[in-house]
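This report covers one protein chain, from its overall contacts to single residues. The sequence and the structure are shown first.

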Amino acid sequence: MNWFLLVVRNYVGFQGRARRKEYWYYFLFYVIFNFVALFVDYIAGTIDAEGGVGLFSTVYVLGLLLPSLAVLVRRLHDTDRSGWWVLINLIPLVGVIVTLVFTVQDSTPGTNRFGPNPKEQQ
């Protein structure tokens with residue numbers, strides 16, 4: 001939970017690097033809270049049956065769009081890739097697979113062009 005809050009507090013921090021632990025813990029809690037928001041939508045009756053989206057889940061996703069992009073860019077920086085690689089997600093299926101491969105890779109050792117390795121600082 002601390003990793004999730006750390007990312008949300010640093011919601012516009014596109015500089016630097018994010019280790020795998022930070023990214024995947026954020027992603028885990030993001031998905032859990034999204035299911036909670038969908039459940040609240042279902043209980044409150046604010047879910048659209050055809051589209052499968054609800055008021056609370058939409059507000060939640062839009063509210064965390066910027067922190068999600070920031071942590072993904074920092075994760076790409078940790079693997080010594082430019083944040084512009086985020087745009088590969090615009091390619092259906094292939095983009096998601098490429099992004100998944102990039103985010104599960106280990107950090108580049110030592111300092112890279114985006115800063116020092118966060119694993120070595122702790």
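Residues 24 or more positions apart account for 66% of the contacts in the protein with a separation of 6 or more, a contact being heavy atoms within 4.5 Å. The model is predicted: local features need pLDDT of at least 70, side-chain atom pairs count only at pLDDT 80 or more, and totals for chains, interfaces and linings use all residues. Numbering starts from 1 along each chain as its sequence is written, and side-chain values use heavy atoms, with hydrogens and water left out.

**Overall architecture**

The protein has six helices and zero strands, and its elements run α-α-α-α-α-α from the N terminus on. Helices (H or I, at least four residues) and strands (E, at least two) are DSSP runs, numbered from the N terminus. Along the principal axes, the C-alpha atoms fill a box of roughly 50 × 30 × 20 Å. Of the 122 residues, 37% count as buried; buried means under 20% relative accessible area, exposed over 50%, and partly exposed in between, with a 1.4 Å probe and protein chains only.

The protein exposes about 7,600 Å², of which carbon and sulfur atoms supply 70%. Such areas come from the Shrake-Rupley method with a 1.4 Å probe, and for residues only the protein chains shown count as cover. There are 10 positive and 8 negative side chains, and the centres of the two sets lie 12 Å apart. Lys and Arg count as positive and Asp and Glu as negative, while His and the chain ends are not counted; the place of a charge is NZ of Lys, CZ of Arg, CG of Asp or CD of Glu.

**Aromatic pairs**

A pair of aromatic rings is described by the distance of the centres and the angle of the planes. Rings of Phe, Tyr and Trp (its six-membered ring) pair if their centres lie within 6.5 Å; planes under 30 degrees apart count as stacked, over 60 as edge-to-face and the rest as tilted. The structure holds nine aromatic pairs. In one of them, the rings of Y26 and Y30 have centres 5.9 Å apart and planes at 35°, so this pair is tilted. Both residues lie in helix α2 (residues 20-44), four residues apart, about one turn of the helix. Y26 is buried at 2% relative accessibility, and Y30 is buried at 15%.

Another pair joins W85 and F102, whose ring centres are 5.1 Å apart with planes at 90°, so the arrangement is edge-to-face. W85 lies in the loop between α4 and α5 (94-104) and F102 in helix α5, so the pair ties together parts that are 17 residues apart in sequence. W85 is partly exposed at 38%, whereas F102 is buried at 10%. Ring pairs also link F4, Y26, F29, Y30, F33 and Y60 into a cluster.

**Individual residues**

Where does H77 lie? H77 is placed in helix α4 (residues 65-78) and is buried at 8% relative accessibility. A polar atom of its side chain lies 3.0 Å from the backbone oxygen of G16. A polar contact is a pair of N or O atoms within 3.5 Å; within protein, one must be able to donate a hydrogen and the other to accept it, and residues adjacent in sequence count only if both atoms are side-chain atoms. Not counting residues up to four places away in sequence, H77 touches F14, G16, R17, S82, G83, N112 and F114.

A37, in helix α2, is buried at 9%. Its C-alpha atom is separated by 4.8 Å from that of S57, 20 residues apart along the chain. Beyond residues up to four places away in sequence, A37 touches F56, S57 and Y60.

V96 is located in helix α5 and is exposed, with a relative accessible area of 51%. With residues up to four places away in sequence left out, V96 touches N89 and I91. V96 and Y30 are 66 residues apart in sequence and 17 Å apart in space, C-alpha to C-alpha.

**Positive phi values**

Most residues other than glycine have a negative phi. Two residues with positive values, D80 and L93, are tabulated below.
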